[in-house]
Amino acid sequence: METIFKIFRTTIVLALVSLPGSVLAETLLVMAEENGCLWCAKWNEEVGGEYPITAEGKAAPLHRVDIHGDMPEGMTFKSRLTFTPTFVLMRDGQELSRLEGYPGEDFFWPLLQRMMNEAGIDWQEGQG
């Protein structure tokens, strides 16, 4: 009976993974950057290393894009990305909100948390 349950569970997981991307909610934090950007380097130094292991980073993994390059297919931005760094909170390829520039570590986290809260993203799940 246990073997049948494992096969059933595996089949369900494989079926879910094979669904089109729009069916499964994917939340990302897109960072638009460019070579030589001092504020991008500052963000990388102060936040970049720890971001993936934070609750926010787990709720919205970082996806970097070159502001001068082609934007990834399947991502729709409300307006053109102009400044670096620009942080765009995306769900299922749609822009939810953005933060233009890097205000320093002390302001970045509360602003990102507010963006996530306003978008209904439970970034604190599993914390505490």
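The following legends describe close-up views of a predicted protein model.

Figure 1. The protein contains 4 helices and 4 strands. In sequence order, these elements follow the pattern α-β-α-α-β-β-β-α. Of the 128 residues in the protein, 35% are buried. Among contacts with a separation of 6 or more, 57% are made by residues 24 or more positions apart.

**Figure 2. The largest nonpolar core, a set of 20 residues.** The members that touch the most other members of this core are Leu 29, Trp 43, Tyr 51, Phe 108 and Met 116. At least two core residues are supplied by each of strand E1 (27-33), helix H2 (38-48), strand E3 (86-91) and helix H4 (105-118). Helix H4 provides the largest share of this core, namely 5 residues.

**Figure 3. Surroundings of Phe 108.** When residues up to four places away in sequence are not counted, Phe 108 touches Leu 29, Trp 43, Val 47, Phe 87, Leu 99, Tyr 102 and Pro 103. Two of these partners, Leu 29 and Trp 43, are named with Phe 108 among the residues that touch the most other members of the largest nonpolar core.

**Figure 4. The cysteines Cys 37 and Cys 40.** Cys 37 has a relative accessibility of 10% and therefore counts as buried, the limit being under 20%. Cys 40, at 2% relative accessibility, is likewise assigned to the buried class. The structure has 0 disulfides by the rule applied.

**Figure 5. The salt bridge between Glu 33 and Arg 64.** The structure holds 5 salt bridges, and one of them joins the side chains of Glu 33 and Arg 64 at 3.0 Å, N to O. This pair links distant parts of the chain, with Glu 33 located in strand E1 and Arg 64 in strand E2 (residues 62-66), 31 residues apart. Glu 33 has a relative accessible area of 16% and is therefore classed as buried. Arg 64, by contrast, counts as partly exposed at 37% relative accessibility. Side chains of opposite charge can pair when their charged atoms come close.

**Figure 6. The salt bridge between Lys 42 and Glu 46.** The side chains of Lys 42 and Glu 46 meet at 3.0 Å, N to O. Both residues belong to helix H2, where they lie 4 residues apart and so are separated by about one helical turn. Lys 42 is partly exposed, its relative accessible area being 34%. Glu 46 is also partly exposed, at 22% relative accessibility.

**Figure 7. The salt bridge between Arg 98 and Glu 95, and the network that includes Glu 100.** The side chains of Arg 98 and Glu 95 form a salt bridge of 2.8 Å, N to O. Arg 98 and Glu 95 are both buried. Through salt bridges that share partners, Glu 95, Arg 98 and Glu 100 are joined into one network.

Key: Residues numbered from 1 in each chain as written. Predicted model: local features only at pLDDT ≥ 70, side-chain atom pairs only at ≥ 80, totals over all residues. Heavy atoms only, no water. Buried < 20%, exposed > 50% of the residue type's maximum accessible area, 1.4 Å probe, protein only. Contact = heavy atoms within 4.5 Å. Core = buried A, V, L, I, M, F, W, Y, C linked by side-chain atoms within 4.5 Å. Disulfide = S-S within 2.5 Å. Salt bridge = Lys/Arg side-chain N within 4 Å of Asp/Glu carboxyl O.
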